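The entries follow in the order in which I went through them.

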Amino acid sequence: MDFDFTPEQQAFIAEVEAFLDENDDPEVFDVTRENMAQICDTPKRRAFMKKVAEKGWLGITWPKKYGGQEGSGIYEYLLNEALARRGGPQIGKGVGIIGKTIIAHGPENLRQEFLPLILNAEVEFAVGYSEPNAGSDAASMKLRAERAERDGQTGWLLNGQKTWTTSAHFADWYWLGARTDPNDKHRGITLMLVPLNQEGITIRPIWTMGDERTNEVFIDNVFVPDSYVVGEVNKGFQYISEALDLERFTMFAFSPIKQRLDLLTDYVSTTTRDGVPLKEDPVIRSKMAQLHTQAEVARVLGLRFVHESVKGEEATRAGNRVPPPTVPASEYKLYATEFSRRLADASMDIAGPGSQLRVRTKDAPMEGRAESTYRYTVIDTIGGGASEIQKNIIARRGLGLPKNF
Ligand SMILES: Cc1cc2nc3c(=O)[nH]c(=O)nc-3n(C[C@H](O)[C@H](O)[C@H](O)COP(=O)(O)OP(=O)(O)OC[C@H]3O[C@@H](n4cnc5c(N)ncnc54)[C@H](O)[C@@H]3O)c2cc1C
């Protein structure tokens, strides 16, 4: 089997890398933000994404009638990995989650309003599924939606609370799930788009152990017209499940993990402790060989997801809609994020006490990356669905084992 990229794909990688070199800016690219580097939370990062949009690189796989190129998802993957490797903002929620879901499920008015904004990098979204009592079991969400009328429009009146909403403090729109039927757990949730900057929405920070911000969001008497309901009423959980498959892949890029593995490899290759080069220590050599092998497994699991989604996209274009591949998404997310955590543990062990020095300490091993990634990588094993949930999905949907809860 040939795992190499084609000459066209390699030419695309070279074009993207040249573009990133031209636009290199430490205020835009910051690998020390780990996976949160993907968010577009400053004016400079937003301006950079506009340049990515001008290159025509957003919506590569989207249908032409919605401004896309009907290209292969492999190019989207290559672009995202290149952005992630440098700690840059990524195509993320707009193109990958909201855009693809609206294209698949409508309605047309939301396609007309939001797809051009996403393609031009003119809008940022926050995703609101989790609530204080609905995390892993997202279908338990309770944010109340009741039928209402305002200014002659019919719609839904929202009341309740969300939590862990990353990006809510700078995003323009809230992509949220609300309880429209209290009597049916899975078929009683509806997806809606809600402007974040309005009376009735209160956003409070939650600081994570990885130094990045997420939020709790309180919603009091916020009216959503029917025209801002995504797809069909009460079918939201089906759309959320599909969107989560996309999220598990798109928002957990592999290249930042590889970048840290290269950093550790370089450290081991160049450092001497007590007169003995680390590269001659048999325990460290064995550990490094293990880590490199596991990195290759993570990379190939990612490529397998891409391969499956490209097949699905082609079938969808031919009129036979295929949703994103659930089990490969969970396998990749589980393996890559757990590997990332093992790599952070190994970096602390190998670099010794100095690895506890804070990130950007010039004289610390690996300039302090070990310490910050040790804290940060735990978060990626939770966000997008915790590792145990990925294992449940693989066991039930991949292996056909019975439900255990
Ligand atoms: C930094 C960060 C950012 C996030 N951003 C967002 C966001 O933008 N939008 C959003 O909607 N959500 C977001 N989340 C929420 C995230 O998806 C949830 O935290 C996650 O789904 C887990 O929910 P919980 O924290 O309530 O934990 P719980 O569901 O209470 O789980 C606690 C523990 O129990 C385990 N567990 C739960 N159920 C089972 C089971 N059935 N079998 C075995 N083990 C189980 C879990 O794996 C976990 O270890 C974010 C979370 C974090 C940490």
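I looked up which helix gives the largest share of the lining of the second largest pocket, and H8 does, with 9 residues; helices here are DSSP runs of H or I with at least four residues, numbered from the N terminus. I kept in mind that this is a predicted model, where local features need pLDDT of at least 70, side-chain atom pairs count only at pLDDT 80 or more, and totals for chains, interfaces and linings use all residues. Residues are numbered from 1 along each chain as its sequence is written, and side-chain values use heavy atoms, with hydrogens and water left out.

I noted about 810 Å³ of space in this second largest pocket (an open set of points on a 1 Å grid over the protein atoms alone, where a 1.4 Å probe fits, with protein on both sides within 12 Å along at least five of seven lines; lining residues have an atom within 4 Å of a point; the volume is the space filled by probe spheres set on the points). Of its 38 lining residues, the closest to the centre are Thr61, Lys100, Leu246, Ser309 and Glu313.

I then turned to the domains, whose bounds come from an automatic or database assignment, and found domain 1 (7-124), domain 2 (127-234) and domain 3 (254-398). The pocket lining draws at least three residues from each of domain 1 and domain 3.

Between domain 1 and domain 2 I recorded 2 salt bridges (a side-chain nitrogen of Lys or Arg within 4 Å of a carboxyl oxygen of Asp or Glu). Glu212 forms a salt bridge with Arg33, the closest N and O atoms being 2.8 Å apart.

Conventions
Helices (H or I, at least four residues) and strands (E, at least two) are DSSP runs, numbered from the N terminus.
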